[in-house]
Amino acid sequence: MTEHAFHQHEADSPGSHQAAHDAGPGLSGNGDGRGIRDAAALWDERYRSKPQIWSGKPNPQLVREAGGLRAGHALDLGCGEGADAIWLAQHGWTVTAVDVSTVALERAHGHEKAALARESVHAAEGAIASRIRWQQADLEEWQPDGSYDLVTSQFLHSQELAWQRPLKTAAAAVKPGGTLLVVGHHPDRLPPWGGGHTTHEMFYTGEQLVQELGLDGPDWQVEVQTSRERPVTGPDGQHATIADVVVRASRLT
C-alpha cells in the first residue's frame, strides 16, 4: 500500500485500507459503514492530490513469482491504479481487484480500457475486459465471496490498517492447490525518506508473515521466503537500496 509513499516512481501497488459502496462502471461494493466512508475519503484525497500516483508498471516480485503459474482466478488486494490486475489479466487470469478508493478504481478502469485500445486483437477477444472485476471494499472488514487460485497482496502497509487481519483473510481465500503471494518492505531496509509517514508496526519480516498466517502448519508449503534487494528512487530523485520481503506459499488442503 505505501510502496510509493517511499518511491513514487516505482512499481504499482498500494494495497490500501479499503471502503465499500457502488463506485461506478465496473465497480462493486458491500456496505456503507461510517468508518468505511472515512477511509474511502482519506484515500480518495490522497489519489486526487496527483494525476497519477504509481508508475503504471506491475510490481516486479509479482511478475517474478506469478509469471510461471498456470492462470486461473486471482485476487489482488489493494489494487490501486490497476497495473498488477491488468498484468494478470493480460496473462490469462480472471481477476477480482479490490481497493478502498473510488478515485483509484476509476483510474484503474481507465487504464484497463487504454490497455484494450492499445491491444486491439485482445480487445476483440475481451482478453482484459472480461477478466477484471474492480471492487471497492474495506479490507479490515471485507470477506471474499469465493476462493482463488492466486491471492496476491503487494506492499500492504498503512498507518490506518494493521496488516495481520487482511493478510489472514487473504490466506483463507486461497483454494487447495492455489498460491498466496505476499510482498512488503523489510522493516530493517526502508528508504531514508518518508520516515514521518511510517511506523515500525506497519512492516513485517518473512518469519513474521509465516508465523502470523500459519503458513508453517500442515496445510501449507512455503516455496519462497526471502528478502530481495533492489534500487529505488525517491520523490526528490534520491537513490537508495531497499529490500522486499517475499513469501510465496501453496495451500495443500
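Leaving out neighbours within four places in sequence, E65 is in contact with L181, V224, R228, V246 and R248. The model is predicted. The protein chain has eight helices and eight strands.

**E65**
- Helix α3, residues 60-66, holds E65.
- E65 counts as buried because its relative accessibility is 7%, and buried means under 20%.

**Whole chain**
- The protein chain has 253 residues, and 55% of them count as buried.
- Take the contacts in the protein chain with a separation of 6 or more: 75% come from residues 24 or more positions apart.
- Accessible surface for the protein chain is about 10,600 Å².
- Carbon and sulfur atoms account for 48% of that surface.

**Second largest pocket**
- The volume of the second largest pocket is about 170 Å³.
- Its lining consists of 13 residues.
- Nearest the centre of this pocket lie G56, A83, I86, H111 and R118.
- Two helices, α4 (83-90) and α5 (102-118), each supply at least two residues of the lining.
- Helix α4 gives the most to the lining, with four residues.
- Sorted by class, the lining has five nonpolar, five polar and three charged residues.

Definitions and conventions:
Residues numbered from 1 in each chain as written. Predicted model: local features only at pLDDT ≥ 70, side-chain atom pairs only at ≥ 80, totals over all residues. Heavy atoms only, no water. Buried < 20%, exposed > 50% of the residue type's maximum accessible area, 1.4 Å probe, protein only. Contact = heavy atoms within 4.5 Å. Areas by Shrake-Rupley, 256 points an atom, 1.4 Å probe, with all protein chains shown as cover. 1 Å grid on protein atoms, 1.4 Å probe; cavity = no way out; pocket = protein on both sides within 12 Å on 5 of 7 lines; lining within 4 Å. Points joined across faces, edges and corners; volume = space filled by probe spheres on them. Nonpolar A, V, L, I, M, F, W, Y, C, P; charged D, E, K, R; others polar.
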